[in-house]
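Good morning. I will go through one model today, chain by chain and then contact by contact. Please have the viewer open.

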Amino acid sequence: MTLEGFLLLAAALFAVGLYGALSQQSIVMLMMGLELMINGLIVAGGGFWYFLAPGAADGQVLVLVVVTVMALEMAMGFAVVTALFRAREVDLTDDAGELKG
Amino acid sequence: MTAAFWGLAVVSAASAVAVFVVDSMARATFALLTSLLAVGVAFLLIDLHYLGVLIILMMVMEMLIMAVFMIMFMMNPAGLTPMRMVHNTRIAGLVAGGVFVLLAAGALLTPWPRRRGRPPADPTHALGLSIMGPKMLVMMVIGVAILATMISTVVLATARGRYDPPPDRRTGEGER
Amino acid sequence: MSEAVPYGIVVAFPVALAGFTVVAAVFDSVVGAGWSWRAAGGPLREAARLLVQQRRRTLLPDTLLLRAGVCGLLVAAVLAGVVLPLGERPVADPPVGVVWFNAMEVCVWGAIWLTGWGTNSCYPLVGGYRFVAQGLAYELPHMFALITVGLGAGSLRVGEVVAAQSGLWFVVWMPVAFAVYLVSAAAMAFWGPMDRPVGSDIAGGVRGELSGPDRLVFQVGRYALLVVAAAAAVPFFLGGGAGPVLPAWAWTAIKTAAVLAGLIWAAHRLPAVRMDRFTQVSWLVLIPASLLQLLVVAVVVL
């Protein structure tokens, strides 16, 4: 168990999530990609806390914040999807282009 | 311990890949849950008992809410009809691969500083003291953010405006 | 978690859990038949029948997820139980045992939803959704009741929660939290008045399409979850193994049996809560009550 191990896992989760977020058309699947990316951040935060600075609680606070942000992200995301679907019956990213310049 | 960590890491990464490979949305959701739970269990290995269990608890709830929405919004939730819902996979794959190589190189090549301090006997206690003491501002901001999210999600998701009557008191065409 | 665990506990835990599960099923059958003791053999006969029954298949089931859900219910119940002390000490006493117990209860949601989804049938899926809604509504009061316990004890370790009650049981000075715990635990174990996820109005709900060994494992998991939920009230509110004359394990068993009997009796006496009403009960009654209780305990502790 090393810091490098944790960071490699974090990098892998982040990259897989990024692939999903970029390639999926459905907004629900896109949010799964975002969750995976945040999951990578959690792993990195925990690894940094344990292997670099376990004396201070800062790393733990960071992980706590990220876990909360993950929940908020999902709540907001689904609210936006619901509003979008109500207004225009759209659930694909390609169809939601109102803000396109 | 090391073997356990690598086992969990493989499970986590493999189920992360499975999220975007399987057809069924239910399977994708629960593959994502497996990935998150493996991370939660890995946290138990590095003394982060509270955060590990918290991740398990919160992620199960989150993924079930996700399951509800996924059936609401997907036209093919069980994956019974073959259908591809992806766009520019090649660029996405290249970008994701490049990011992974970059991050992995950074993780392996950076000369990390030496470990400062030792894990406290009770990390949960240390976390509690921290968020109720020097890091209280962080938690207060988070609290406000949660409140703002609650209000804005309700505003966004509800179909009814401020002066519309609730559905069971509506008369006329809405009545069933 | 790392210190050596006496082997006796590791053997005694599954035996005790299995024993209580059978007793719960038998007692439920007896009360359900109007206190007719001739119904006592019913659950065992049913178990034997299910063991040899051939599985009924639905169209295009997701077998992997179905099996994961059916087995997950039992696994989550067992994992929730390992932090509860049998007499002097539990199988595992992690520093955050109270949170662990709650997390494993939440894992049951996943198991139930998967079971409802996996059969690819309408009513089981409706049951699965009902349980998710019920779990979300009752998780908050449940969590607040458990936090009250942790606050009163000043620790999330189940062993220290029990030790903190050596003078006064928590049930005496946090009765509201105890009541909220019992109601929400029944909801989390989809038991009694809150059993609509497996209700007869939707043809058995989640377990409607289960047959043969699948159904047996599901039923065993359901009773095991009820036993664990009842047994958790003992270390959290009823002083654990404390009591005169008898040894700690005997008192734990007696108190568990009492809570369990109360829950089963209540299930047959109380009317079912209508699905569209119970979230209101939770949000408007249980959450404010448990928050007030939390405030009172916090003031007392400080």
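**Chain C, then the interfaces**

Read along its sequence, chain C runs α-α-α-α-α-α-α-α-α-α-α. That is 11 helices and zero strands, where helices (H or I, at least four residues) and strands (E, at least two) are DSSP runs, numbered from the N terminus. The radius of gyration of chain C is 19 Å, close to the 19 Å that the globule rule gives for 302 residues, so chain C is as compact as a globular protein of that length. For the record, the radius is taken over C-alpha atoms, and the rule is 2.2 Å times the number of residues to the power 0.38.

Before going on, the conventions. This is a predicted model, in which local features need pLDDT of at least 70 and side-chain atom pairs count only at pLDDT 80 or more, while totals for chains, interfaces and linings use all residues. Residues are numbered from 1 along each chain as its sequence is written, and chains are lettered from A and ligands numbered from 1 in the order in which they are written.

Back to chain C. Its C-alpha trace spans about 60 × 45 × 40 Å along the principal axes. Of its 302 residues, 52% count as buried; buried here is 20 or more other C-beta atoms within 10 Å of the residue's own, exposed is 12 or fewer, and partly exposed is in between, with C-beta atoms placed from the backbone. Take the contacts in chain C between residues at least 6 apart in sequence: 79% of them join residues at least 24 apart. A contact means that the C-beta atoms of two residues, placed from the backbone, lie within 7 Å.

One backbone detail in chain C is C:Asn120, which is not a glycine but has a positive phi of about 55 degrees. C:Asn120 sits in the loop between α4 (97–118) and α5 (122–153) of chain C. It counts as partly exposed because it has 18 C-beta neighbours inside 10 Å.

B:Asp47 counts as buried because it has 20 C-beta neighbours inside 10 Å.

Chain B is divided into domain 1 (1–78) and domain 2 (122–158), with bounds from an automatic or database domain assignment. The centres of these two domains, taken over C-alpha atoms, are 23 Å apart.

Now the interfaces. Which chains share the most contacts? Of the two pairs of chains in contact, it is chains A and B. There, 60 residues of chain A are in contact with 70 residues of chain B. On the chain A side, the elements giving two or more residues are α1 (3–23), α2 (27–51) and α3 (58–88). The largest share, 20 residues, comes from α3(A). By class, that side has 43 nonpolar, 12 polar and five charged residues. Ala, Val, Leu, Ile, Met, Phe, Trp, Tyr, Cys and Pro count as nonpolar, Asp, Glu, Lys and Arg as charged, and the others, Gly among them, as polar.

Between chains B and C, 19 residues of chain B are in contact with 18 residues of chain C. On the chain B side, α2 and α3 of chain B each supply at least two residues, and α3(B) gives the largest share, 11 residues. The classes on that side are 14 nonpolar, three polar and two charged.

Finally, chains A and C. No contact joins them, and their closest C-alpha atoms lie 14 Å apart.
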